[in-house]
Amino acid sequence: ARLETARKARQARMERAVKERDPEDLRSPICCIMGHVDTGKTKLLDMIRHTNVQGGEAGGITQQIGASFFPGEVLAKQTAALNKTSPFDINIPGLLIIDTPGHESFSNLRSRGSSLCDIAILVIDIMHGLEPQTIESLHMLRAKKTPFVVALNKVDRLYDWQAEPWRPFRDSLAAQGEHVRSEFEDRASKAKLALAEQGLNAEVYWDNTDFKEYVSIVPTSAHTGEGIPDLLQLIARLTQKYMVQRIMWCREPQATVLEVKVVEGLGHTVDIILANGDLQQGDTIVLCGFNGPIVTRVRALLTPKPLKEIRIKADYVHHTSIRGAQGIKIAADNLDKVVAGGALLVNRSGDKDELEVLKEEVMADLAKLAKAVNELSDGDGVYAMASTLGSLEALLEFLKTSKIPVHAINIGPVHRLDVMRASTQLERTHPEYALILAFDVPVAKDAAAFAEDTGVRIFTAEIIYHLFDHFTAYMAEVRARKQEEARFVAAFPVVASIIPEFIFNRGGPGDPFVA
């Protein structure tokens, strides 16, 4: 009953905080970059990030943990060239761009069921059009109902393109020759057609009159910076116009753990994305751990130094309190067993009952996964591993639809202990299940050697579908081997008929024989 009271009190406090939000007090929107390998995602981000670094000045852009933070004044400076043609005031305090691998960040950066990203940039290579991972990213975006814009990248690869660094795209296009413009029109319409085949209406952003029905396409070049002012202004415009409800700042902290790292001098630390609310030094935080909930106090709140101060030896800036949205590194005790991808909850009231409620809440995701595994298997099955809670969830969902049984799960790199656990299948009815499906995680050297000795197979892949391909190829191999072994043992049934004229009797009494 006491826990129920604490739960209700917490719920009431959260509802009050939501009611007290103010449309004038916005937080930075969180933007995610997604797309196929080699479409130029990282290059594009590097270009945005180094905007003013080439000019010898850091421009106040902060290198974040798993994310890059761009203050509002930097956005205003970068989009200034566009203001001559389409004036626009930037009211958001900044933009937090997450640069974890595209497909990953969505499955795991979810904050209590809602995806952490407010808006996404889907990068498409103008020369190659839609590729498998682009389509996978599209499905994720639509499943989460996340608004997004398309960056049609690598326009500088068009034949005879004359680069106009950092110019708004329409100015650049106007300066090109007739044949370049027609090639651009041709390739842009092919991209629109490919998106239409996926059931999406798309239009280049300056011709888009209905942003809710049509996805905007922004042509960009990660090499010359053309089109980047357009991209940044469009994101600011869309978030300020259509997403005010979502990006109002709220008192109650909302945070997700990105990864756990050991840092010299600090010990185990966690990198988190604080989506909303604020965090203070000395706060009691509750995190999801492998062996149960972890309750600890924030010893230090750290963010990396702005780029221009990177020469100074101290690596991090210490804060007493930080407002979201921001990427933060937290130093505290007992962080070694924290599950990446889980939520981070704050207990400010000091109420013991509320602390119990938070412990329950923080472990709910992991408990759900453990329950899902029990439903999936009767003790026989493969060993599934992934880098974060969300990607493990995605992997289990995928294995379930592919009808692959799972007997145990883990999060993080593959260690010797994992191989030992997987090897228990060797003594069961299906020894072929003595294998580890590792999604986007490294394999320790001793684990690989031990697996070799014990006969446990380890399949690793960065894309879920590749794991499935490895598994099906392996199972086909096992089946073929079993058939080969059984060839001389099994009596294969046959259908035979005896033809009368081929029955001969020996010269005396005796059995007839068939020739």
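Predicted model: local features only at pLDDT ≥ 70, side-chain atom pairs only at ≥ 80, totals over all residues.
1. Helix α13, residues 445-454, has A447, F450 and A451 as its buried residues. Seen down the helix axis, these buried residues fall within an arc of 105°, so they line one face of α13. The face turned away from that buried side carries K445, E452 and D453, which are exposed. Among the elements that cover the buried residues of α13 are α12 (416-423) and β24 (457-461), and just after the helix G455 takes a positive phi of about 90°.

2. The largest nonpolar core holds 38 residues, of which I30, F148, F184, L195 and I273 touch the most other members. Helix α7 (residues 178-197) supplies the largest share of this core, namely five residues. Apart from it lies another core, of 36 residues, including M363, V373, A386 and L389.

3. The whole structure contains 24 salt bridges. In one of them the side chains of R246 and D118 meet at 2.8 Å, N to O; because R246 lies in helix α9 (residues 244-247) and D118 in the loop between β6 (114-115) and β7 (119-125), the pair ties together parts that are 128 residues apart in sequence. D118 is buried, with a relative accessible area of 0%, whereas R246 is partly exposed at 38%.

4. Within helix α7, E183 and R187 are four residues apart, or about one helical turn, and their side chains meet in a salt bridge of 3.0 Å, N to O. R187 is partly exposed, with a relative accessible area of 23%.

5. K359 and E356 form a salt bridge whose closest N and O atoms are 3.4 Å apart, and the two residues are three residues apart in helix α10 (residues 352-376).

Conventions
Residues numbered from 1 in each chain as written. Heavy atoms only, no water. Buried < 20%, exposed > 50% of the residue type's maximum accessible area, 1.4 Å probe, protein only. Arc of directions from axis to C-beta. Contact = heavy atoms within 4.5 Å. Core = buried A, V, L, I, M, F, W, Y, C linked by side-chain atoms within 4.5 Å. Salt bridge = Lys/Arg side-chain N within 4 Å of Asp/Glu carboxyl O.
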